[in-house]
Amino acid sequence: MTTDLCPYPGLRPFTEHESIFFKGRDLHIRQIIKLLEENKMAFITGASGDGKSSMVYAGVVPNIRAGFCKSTFNSWIVVDFKPQKNPLYSLSESFSENLNCDNQKTLNELKLGFSSLVDLYKNSDYFVNQGENISNRGKNLLIIADQFEEIFTNSENFNNGIPSEESYTTINLLLETIRISIIEKLPIYVIFTMRSDFISQCTVFKNLPEYIAYSQFFVPQLKRTEIRQVIEQPAILAGGSVSSRLTEIIINNLNSSFDQLPVLQHALNLLWKMADNGKKQLDLIHLAKIAGISTDVLSNEELDDFNQWFCQLPDYQYKYFENPSINNVLNAHAGILYESAYNYFLENAVWAEKSINPDESKEIIETVFKSLTKVDNNRQVRNRCSINEITGIINKDNITNATVCGVINIFRTPENSLIQPFIDPNRIDTQYLSGDTILDVTHEALLRNWQRLTVWQEEEVTFLKDYHDFSTQMNRWLNSDCNPKYLLSSGIYTYFNNWYIISKPNQYRFLKYDNSQSSARKKLRDAQTQYENCQDFLEISEEAIQTQERSKRRKITIAMFSLTAFVIALIIVSSWALSEKQNAEEKSIYAQQQADSANRQKLIAENSQRMAERANNDAKFQRDTARILALQAQKAQKESERARRLAEHRRDEADSLRELAMNNLGNAEFERMVANDAREIAEQQKLLAQSAHDSVSKYYKIAISNTLAMKAKGQYGDKKMNLRMVYTAYLYNKNNNISHNDAELFEAMLYTFDNNNLFKPLKVTNEPISSFYIDLNNNLWIFTENAQIIEYNNISKRIHEIQRINQFISKEIVKKSIFISSKYLVYTNTENSSYFIDIDKQEKTKLDIQGDIIKSASISSDGNSLAIAYQNGKCLVIDPQDPDRKPIAFYNVKNSIASIYSYGRNEAYILTANAILLKWNYTNNKIIEIFHQNNMKTVDMAAINNKQLAICFSNGNIQYLNISTGTKDGDNLASHSKINKIVFDEKTKYIAIASSDNRISLINSKDIIAKPFQIDDMCLHNFPIKEINFNSEGIVFVLTEENFIRYWNTDINHYADELNNMKISELSEKEINLIIGNNLY
Amino acid sequence: MFLNLYTQQISVFLASVSPDMVNFRQTLKSILVKAGLSVIESNENGDYDTELNIMKNTDCSIHILGNSDIYNSNNSFASTHYKIAKDLRNNNYKMFLWNPLGYITENNKYINEIKRDIAENTIYSDLTSKIVFVEDLRSIMNTKSQVTSKTEKADILFIFNSLDHDTSLEIVGMLEDIQTIIKLEVDITTNTDYAEFISRQIQNCKLGIIYFDYAEDWAESFAQQIWKNIGGNSSKVPLLFVANSKHANTENFNQLKKIIPLIVNEKSILPLDIKMYYDNILENNKK
């Protein structure tokens, strides 16, 4: 009998919930737990895909929760995070979520590094001091930094070998937490998981290598027996079984290299489903059906079964069965999903328009997987990417986010789970993803085993290489102010233009390869600019090439024309010369004939002879003329050639002059604009410089005053010198109108005064004091633990006793007492009996509620009703003037009480310890809930100016609630430790809070954000605070466990006056320079 | 110490081989000796019983698969040794079948039949490296003997957290009148290996109970890990997860057949509820 649960998770890691099926690593889990017990940390490293995360989440965590790790408390809080793009934020988010605290405040605290994380834990409700013995409330803390390599793989965390500030702080916090936990034996433990190929990069962080060496666990490869457990045990636990032969053949066929476990888990997941969800024994036939083994190994009967099944498969699936092996299972599975995604989309994505064809569906999947992977230092790695980015890369009108989501959903179903986030079958809304959703490949094993994805990866590598080459050319052009010299030449242009047309890049694609640490918005802006530059570069290069070609064509045409004209001229001249020559020759022949005839007729006539000679001479002349004409024609031809060359040269010169002129014009315009911009920038910089100068000057003065205060606090010189230093700091502030560092100065004043023994604590009685009160005359009232009341005169002057009332002295010790005024007092003794005392009348009345301890009391504005609240929830109201002090009203909140406050004449606000604020009208005994904050603890409250209630939470936070409207006015983190008490002073408007780290913070109620004045534990001599009160002059009085009453004036000028009276001199400039040196704070 | 030093003495029977594998076998023998294993061989002159007696005195056997069919043949020592090992494997005797060629040709097609015949305690390998093969063998055969705690027979194993010490003892006190109980108080500040003890002790009981009142954070995780250690849905002994109604959250057990959640409203009738479940289990076991 099996369950419906599949005991094999497939490609994704085991979750904690699935730990019940996680087997094979029992020994390693025990070893890691041992490291945690002994060293408080384990740095788990191993190859990609060896199951580090599964081992932690499904192995170590459930085992320690089950109590198999020796620690302090029974329960555990697990704060786990992946560094992602901001490790500190990820840590803070998980911490605040698991420890129920405000993320922003946690983040602010964690930014301080070092002990911050430990402090937050120690101040939480989950840490209980061993002495308190409340072990069912305390929880051990386990911090898991999973996929720690993201510190190095995300450029936001680590760029060009330099880690970000957040990365430094996160690592500092984790290492310091381990260090402090070891020293203080705190129940805090830290686990890191990281791919081992990043180990060498860890040396960038100080101390990290030492800690790794101190407690490293290198995940071993599973042995045969352990792989057998991985295969067989989950099926057995789920009530199924695996045949021995299947186990042996799988073990044998598994590669011992990368991805052994993810490939195995993925195959087992498919096998389980193929075996009718484990109802049949998992066997060889099932492995054959998932393309994991050749059918040669099947028996004849099994082979028939297989063939019958195989014939029913669609044709496109056959090819995946051609090379069956365990590693082919993932390839076949992903390939089949790729080819059936379109039909799945048509049938299931009801929300998406069906405006794509099957080829576009495949194109979407290709883009998705190309976007979700990248090459980093020659490693194929995952690359998280949002749907918006992917849709942007596809960049087609008919493909929207809904289309992308619908097409890839087949990869997100629980049975396939190759892309996360997965679809939750119980939540239909998880089928549709918004554009902001980040997608991620479930495991890198897919990158290495899906053959189609490997091809896509190679294409992407080629794209990236071409993109880099193109960028280099383009940047050269951009950096030379777009000089045409750097435009692409014809051949290179053709190459990159082809690249551009085929790969169709856009800003989203460029964004993927932006490794800078800029914000996402800036990166997108840069990618957009880059994209536009690319387009410009290509277009302008194309134009330049075309212009060049046009010009070349024109030159050739002109040359051809000139040549033709010349040839024609040459032919004409030559023909004429030739014809003349022929004429002359003909005439010469004729003359010769005539001469011959004359010779023959010599004797006939002498005149005829002379004529013949003359004709001969004429012919000679004609021949010479023809020769000269031929030479002239040759010369004309040469001249024509030279003229043509000259014309060409002139034209070229004119062209370059025009180009130069155009360039000069552009440059001049550009330079004018640059000059304008530069002037504007210079103006702005001047203003900025002036403002910076003012700021620097002011901050320099603050720094001087601050440094003096800090040095005085740090006991720099002799005690008197310290007084001089704080006095000088005070004067510096006063003269320069500085108030920024009043809080620091106040603290330094108190330190130096205390160190010079200028504060005189009041040691009024040897009897332990239970509580005290200061009346309007500044007389001090003491109630001792043996129930004695003593009144002293005005305590700011010489103190002496006025009266002592001994009649209430009792054997029982006073456990808790509260002065209502100098007239009334309530208290509870160690027998848990509670009393009311009228001091004037010297009457003591036993109150109606017994067996519980008074927690808080408050008198109404008319003084006629006194509301008293008991620790365990009972509240009553009495009339203090009624001799019997019988209850006017009674109410049981049934919750622990933190505080009660009387409001007006007949109302009271009750604050419970679990953060519920109730308004109680005790004339009609009606209760209204005003405020309730889940999972928070409250400790005390005080009324501010009768208008607001300041409610203190145990985590140090104070919330201000408007009494009349019940709405929240604001809040602030007043203390990093638990607050014990809160008091408000009408005169100074200070809210004083006492915290468990023995400090008092004075918060200015008019400016709650301002840094509070602090009276720290040194001034209180490290004694816990029992009670705080103000006198009518705004002096704060504090009763500590040492039985002293200490008091401090809250006005900083008071101390300066005292120093002035003491003739303390101001430091000279020389002394200041000597003290400060180069160390300004 | 996280290292396995392989100190256990392992005796390996190196079965006879076909003539094409004689040299190969000789090399393997030397490597086995170097790995600290004791190698036993046949002198190839005995009958089935003689060979059986030799093999019985070893922890496992190695059968190198060459070109002659040892699966269908009856007349070679190699096939006799293969058959004896098959008979012995039911008694936890391990047989290692090794095809050092790493692939199957026309000459050794019989290996497919051998593969189909693989059953429990059979290890098939087609690794080509002798060293890796011997390493695997040594690691499979070296199972560390653990120091085990003493267990005893009882009806019920009653487990509770030290936070619930008082109420648990009260319930155990009432139960002890009707059943034999072994009670186990889990104190997480000690070094006790509770998982190991429980997984062995529960085999001597008919029912395991995990009870909690205050320790709710611990109980659910603990019950899941114990369920896993005792065999999950295939376990012979069921676990009763007894939760106080205030804290009960048993959703995660819905699909785990051998964990029965029992929500308690009234502590005084809890022993009767447990008795009822116990009787049901006995009844079902008889069926």
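A residue is called buried if 20 or more other C-beta atoms lie within 10 Å of its own, exposed if 12 or fewer, and partly exposed in between, with the C-beta atoms placed from the backbone. Keep that in mind for the views below.

This is a predicted model, in which local features need pLDDT of at least 70, side-chain atom pairs count only at pLDDT 80 or more, and totals for chains, interfaces and linings use all residues. Residues are numbered from 1 along each chain as its sequence is written, while chains are lettered from A and ligands numbered from 1 in the order in which they are written.

**View 1. Chain A as a whole.** Of the 1081 residues of chain A, 41% count as buried. Its secondary structure comes to 27 helices and 39 strands; helices (H or I, at least four residues) and strands (E, at least two) are DSSP runs, numbered from the N terminus. Two residues are in contact if their C-beta atoms, placed from the backbone, lie within 7 Å. Among the contacts in chain A with a separation of 6 or more, 57% join residues 24 or more positions apart.

**View 2. Where chain A meets chain B.** Chain A brings 33 residues to the contact and chain B brings 39. On the chain A side, the elements giving two or more residues are α2 (52-65), α9 (224-237) and α10 (244-253). The largest share, 5 residues, comes from α10(A). For the complex, the predictor gives an ipTM of 0.85 and a pTM of 0.60.

**View 3. A three-stranded sheet in chain A.** This open sheet has the order β37-β38-β39, with antiparallel pairing; two strands pair if DSSP finds at least two bridges between them. At the edges are β37 (1025-1030) and β39 (1045-1049) of chain A, each pairing on one side only. Strand β38 (residues 1035-1040) of chain A is joined to β39(A) by 5 bridges. Look for Val1038(A), whose bridge partner in β39(A) is Arg1046(A).

**View 4. A β-α-β unit in chain B.** Here β6(B), helix α6 (residues 165-175) of chain B and β7(B) make a right-handed unit; right-handed means that, with the strands pointing away from the viewer, the path from the first strand over the helix to the second runs clockwise. Strands β6 (residues 156-161) and β7 (residues 181-186) of chain B pair in the parallel sense over 6 bridges. One pair to find is Leu157(B) with its bridge partner in β7(B), Ile182(B).
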